[in-house]
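Student: I am new to this entry and would like to know what stands behind the words used for it. Please show it to me first.

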Amino acid sequence: MIEAATAPSTLQHRGPGSLTELFWAFTWLALQGFGGVLAVVQRELVERRQWLTLEEFVDEWAVAQILPGPNVVNLSLMLGGRYFGVRGAFAAMAGMLLFPLCVVLLLAVAFAGVADLAAAQGALRGMGAVAAGLITATGLRLLPALRGNTMGPVVCWIAAGATFIAVAMWRFPLAWVLLGLGGPSCLWAWYRLGTASARQQGRPSP
Amino acid sequence: MSLSLSTADWLALLTHFATLSLLAVGGAITTVPEMHRFLVTDQRWLTDPQFSSSIALAQAAPGPNVLFVALMGWNVGQNAGGYGFAALGMAVAMTGILVPSTLLTYSAARWSHRNRELRAVRAFKQGMAPLVIALLMATGYLLCVAHDDPRSDWGLWLVTAVSAVLVWRTRIHLLWLLGAGAALGALGWV
């Protein structure tokens, strides 16, 4: 079992009450996720339902993004597993996939008839442009989670800026970026965490 | 297009997606070139238009992008004859792409959650945080500049920028924005 987060938090965050609630929560957010679900996950789970804090969300997302496989599916099974173990992971993942799968099949069958219409292609194009904005905005909304980061604001900005340039401008493969920039970044965080705890231990207890 | 697929072919489809599942760092979409080589070029199980429309439709539909894999399996099955095979193809493709990465992710997540106080685990999460946030912005940027003709595409860029600012700064419901984008596109304004 993965027990719920026990880290002390000023705000009490409640999790889902049951497997059914978990399943429908993920179904509902997956069905809103046109052109990518992550924006909706952040809105629904962090802001509306408050199942986890922004910082916890970034932590989970870091793991989900680095592991192979579909990112938001990884995220759903990690979050489900956090609350209800294996059954929770299945419930969340099933919610994420089941109804959207039916919708996409219906669309595929229906779209075969209208694929050549300019209006249908235009609508797809317009929604794609909005979806690009949603993903960008999700990144912007996660920025405050970096405030408490042990690496400090300057290193965080350098790491984020270098990642953006390497991926968006220079089109480097993701694996290289994760190793080349993520490696040093993690090492720096490791060093800073060490000095921070050494400082805490060196200080006389009040 | 009609195919006849043997049991060995179905197994090959399964193992192909299962292998890619563990290589798909950054999402299933990163393995699209490899899928294209296998399904279209080598095996000829899908036509080029079937391959691209599988991706475009899954992007436009609600839900995780990985569903494009379901559509590819569906189309392979349809080429092999009828809805029954299509359902089989879909099940095979989704099983392949999901099972290996799911098992790995679940065990890794359990481990990292149990050891979340370890210095190495905390360093990993803190060190990766700025990268994964920047990756989201890079993804949005790349999707936007996929349309790269300033004269005809400035409208699309504007739509992307406006929706990014609205979602960032306001609590407007995301479906309104998507509906507006679809309407603007259907009317031919962007």
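Tutor: What follows is a set of questions about labels, each answered from a value and a cut-off. Keep in mind that this is a predicted model.

Student: How confident is the predictor in chain A, by mean pLDDT?

Tutor: The mean pLDDT of chain A is 85, and 90% of its residues reach 70 or more. Residues 1-11 of chain A stay under 50. For that stretch the model has eleven contacts beyond four places in sequence.

Student: What are the two chains made of, helices or strands?

Tutor: Chain A has seven helices and zero strands, so its pattern along the sequence reads α-α-α-α-α-α-α. Chain B has eight helices and zero strands. The C-alpha atoms of chain B fill a box of roughly 55 × 55 × 25 Å along the principal axes.

Student: How much of each chain counts as buried?

Tutor: In chain A, buried residues make up 51% of the 206 residues. In chain B, 47% of the 190 residues count as buried. The cut-off is 20 or more other C-beta atoms within 10 Å.

Student: Why is Trp10(B) called partly exposed?

Tutor: Trp10(B) has 17 C-beta neighbours inside 10 Å. Buried needs 20 or more and exposed needs 12 or fewer, so a count of 17 falls in between and Trp10(B) is partly exposed. Trp10(B) lies in helix α1 of chain B, residues 7-23. Leaving aside neighbours within four places in sequence, Trp10(B) is in contact with Leu5(B) and Val92(B). The C-alpha atoms of Trp10(B) and Ala93(B) are separated by 9.3 Å, although these residues are 83 apart along the chain.

Student: What makes Leu11(B) exposed?

Tutor: Leu11(B) has 12 other C-beta atoms within 10 Å. Exposed means 12 or fewer, so Leu11(B) is exposed. Leu11(B) is also in helix α1 of chain B. From Leu11(B) to Gly96(B), 85 residues away in sequence, the C-alpha to C-alpha distance is 9.8 Å.

Student: What is there to note about the phi of Arg171(A) and of Arg44(B)?

Tutor: Most residues other than glycine have a negative phi. Phi of Arg171(A) is near 55°, a positive value, and Arg44(B) has a positive phi of about 55°. Arg171(A) lies in the loop between α6 and α7 of chain A. Arg44(B) lies in the loop between α2 (32-42) and α3 (48-60) of chain B.

Student: How do you know whether these two are buried or exposed?

Tutor: By the count of C-beta atoms within 10 Å. For Arg171(A) the count is 9, which is within the limit of 12 or fewer, so Arg171(A) is exposed. For Arg44(B) the count is 11, so Arg44(B) is exposed by that limit too.

Student: Why are α6(A) and α7(A) called roughly antiparallel?

Tutor: α6(A) and α7(A) pack at an angle of about 175°, with their axes 10 Å apart. Angles over 145 degrees count as roughly antiparallel, and therefore α6(A) and α7(A) get that name. Among the residues that meet are Val155(A) and Ala159(A) in α6(A), and Leu174(A) and Trp188(A) in α7(A). By class, the residues of this contact are nine nonpolar, two polar and no charged.

Student: Which residues make up the contact of the two chains, by number and class?

Tutor: The contact takes 89 residues from chain A and 80 residues from chain B. On the chain A side, α5(A) gives the most, with 23 residues. That side has 63 nonpolar, 22 polar and four charged residues.

Student: Which residues touch the most other members of the largest nonpolar core?

Tutor: That core has 125 residues, and Val104(A), Leu67(B), Val69(B), Ala70(B), Leu71(B) and Ala93(B) touch the most other members. The largest share of the core, 18 residues, comes from α4(A). Not counting residues up to four places away in sequence, Ala70(B) touches Leu101(A), Val104(A), Met90(B), Ala93(B) and Met94(B).

Key. Residues numbered from 1 in each chain as written. Chains lettered and ligands numbered in written order. Predicted model: local features only at pLDDT ≥ 70, side-chain atom pairs only at ≥ 80, totals over all residues. Contact = placed C-beta atoms within 7 Å. Helix = DSSP H or I, 4+ residues; strand = E, 2+ residues; numbered from the N terminus. Nonpolar A, V, L, I, M, F, W, Y, C, P; charged D, E, K, R; others polar. Core = buried A, V, L, I, M, F, W, Y, C linked by C-beta atoms within 7 Å. Axes fitted to C-alpha atoms, helices over the stretch in contact; angles between N-to-C directions. Parallel < 35°, antiparallel > 145°, perpendicular 65-115°, else oblique. pLDDT = per-residue confidence, 0-100.
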